Amino acid sequence: MSDDAHYILTLACPDTTGIVAAVSGFLADNACNIVQAAQFGDSHSGRFFMRVSFLGSPLRPDRASLAEAFAPLATRFAMDWHLYDLALKPRMVIMVSKFGHCLNDLLYRYRVGALKVEIPAVISNHRDFYQLVAGYNIPFHYLPIINGDKAAQEARVYEVIEQEQADLVVLARYMQVLSDDLCRKLAGRAINIHHSFLPSFKGAKPYHQAYERGVKRIGATAHYVTSDLDEGPIIEQEVAPVSHAMTPDDFIAVGRDLESVVLARAVKAHLERRVLLNGQRTIVFA
């Protein structure tokens, strides 16, 4: 079975009996071999969520034929579903401003194969990381805001995203607030790293706010981008201890390490199709 196509099926639907049996029965009937399966029934929303990793078979030799065969079952259970072929690497565009720790970390993980992804472009409103990106043979798009015309700059940004057929856009400390229109266009496929443990300490200087409040732990949060600033569905978070003896700069140093790790985890989970939206919350399968 090792040479068979590898797929991931994700689905969300109203919770009812028989969903797991129907899905596993379909795969068995089509000679597919389940590698991993996870499911969750949310009693609060009444929704059921499932992720299945499986190997295909000669009975359904490609994704299109398998999806066509699955469609009637999906309709029966009113599923919102997606079938992914793991032979096709997602295309990820990274956006960055003047802090490069998250960008550097993502590029390294990409180079060593820790992130199964293609990176066709890096976009920035500053030139600072041109040479870093060039070292990875990735096109660097310098798109500044000229004469305060943010709308024109965003139009150029979206043009690159569309030209590169990006499946995912990662804001790796891109320090510009996206417009409502661009947020809508990127709904469900844009991840931001916020340098704080949301929902606390929002805004431009969360570490300074945390320092002033005398907190004992600081954190970072990766979330999907929405038009509500720093309010998107949370994918990943992490915290680290700090002490009264540390300065705001010490807080920032600890925070940057957290940001890199948290963003990488969130991106990896998304690329592996482990994140399903549940209203304003997420289901993140291990």
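## Close-up views of a predicted model

**View 1. Ser-53 and its partner His-6.** The side chains of Ser-53 and His-6 are joined by a polar contact of 2.7 Å; a polar contact here is a pair of N or O atoms within 3.5 Å, where, within protein, one must be able to donate a hydrogen and the other to accept it, and residues adjacent in sequence count only if both atoms are side-chain atoms. The model is predicted, with local features needing pLDDT of at least 70 and side-chain atom pairs counted only at pLDDT 80 or more, while totals for chains, interfaces and linings use all residues. Residues are numbered from 1 along each chain as its sequence is written, and side-chain values use heavy atoms, leaving out hydrogens and water. Ser-53 sits in strand S3 (residues 47-55); strands (E, at least two residues) and helices (H or I, at least four) are DSSP runs numbered from the N terminus. With a relative accessibility of 6%, Ser-53 is buried (buried is under 20% relative accessible area, exposed over 50%, partly exposed in between, with a 1.4 Å probe and protein chains only). Beyond its neighbours within four places in sequence, Ser-53 is in contact (heavy atoms within 4.5 Å) with residues including Tyr-7, Ile-8, Asn-33 and Val-35.

**View 2. Two domains and an annotated span.** The protein is divided into domain 1 (7-85) and domain 2 (91-284), with bounds from an automatic or database domain assignment. Their centres, taken over C-alpha atoms, are separated by 31 Å. Where they meet, 13 residues of domain 1 are in contact with 8 residues of domain 2. An unreviewed UniProt entry places the feature "domain: ACT" at residues 8-91; such annotations may be inferred rather than shown by experiment, feature names are shortened, and positions follow the numbering used here. The span 8-91 is 30% helix and 39% strand, and its end C-alpha atoms lie 17 Å apart.

View 3. The largest nonpolar core has 43 residues, and Ile-94, Leu-106, Val-122, Leu-263 and Val-267 have the most contacts inside it. A nonpolar core is a set of buried Ala, Val, Leu, Ile, Met, Phe, Trp, Tyr and Cys residues joined through side-chain atoms within 4.5 Å. Helix H8 (residues 248-271) gives the most to this core, with 10 residues. A second, separate core of 22 residues includes Leu-27, Phe-48, Phe-54 and Leu-73. H8 itself has 24 residues and reaches 34 Å from first C-alpha to last, close to the 34 Å expected at 1.5 Å a residue, the expected span being 1.5 Å times one less than the number of residues. Just after H8, look for Arg-273, which takes a positive phi of about 60°.

View 4. The UniProt record, an unreviewed entry, lists Asp-230 under "active site". Asp-230 lies in the loop between strand S10 (217-224) and strand S11 (234-241). Its relative accessible area of 11% makes Asp-230 buried.

**View 5. Two asparagines with positive phi.** Most residues other than glycine have a negative phi. Asn-137, however, has a positive phi near 55°. You will find Asn-137 in the loop between helix H4 (130-134) and strand S7 (140-142), exposed at 72% relative accessibility. Asn-147 also has a positive phi, near 55°. Asn-147 is placed in the loop between S7 and helix H5 (150-163), and is exposed at 78% relative accessibility.
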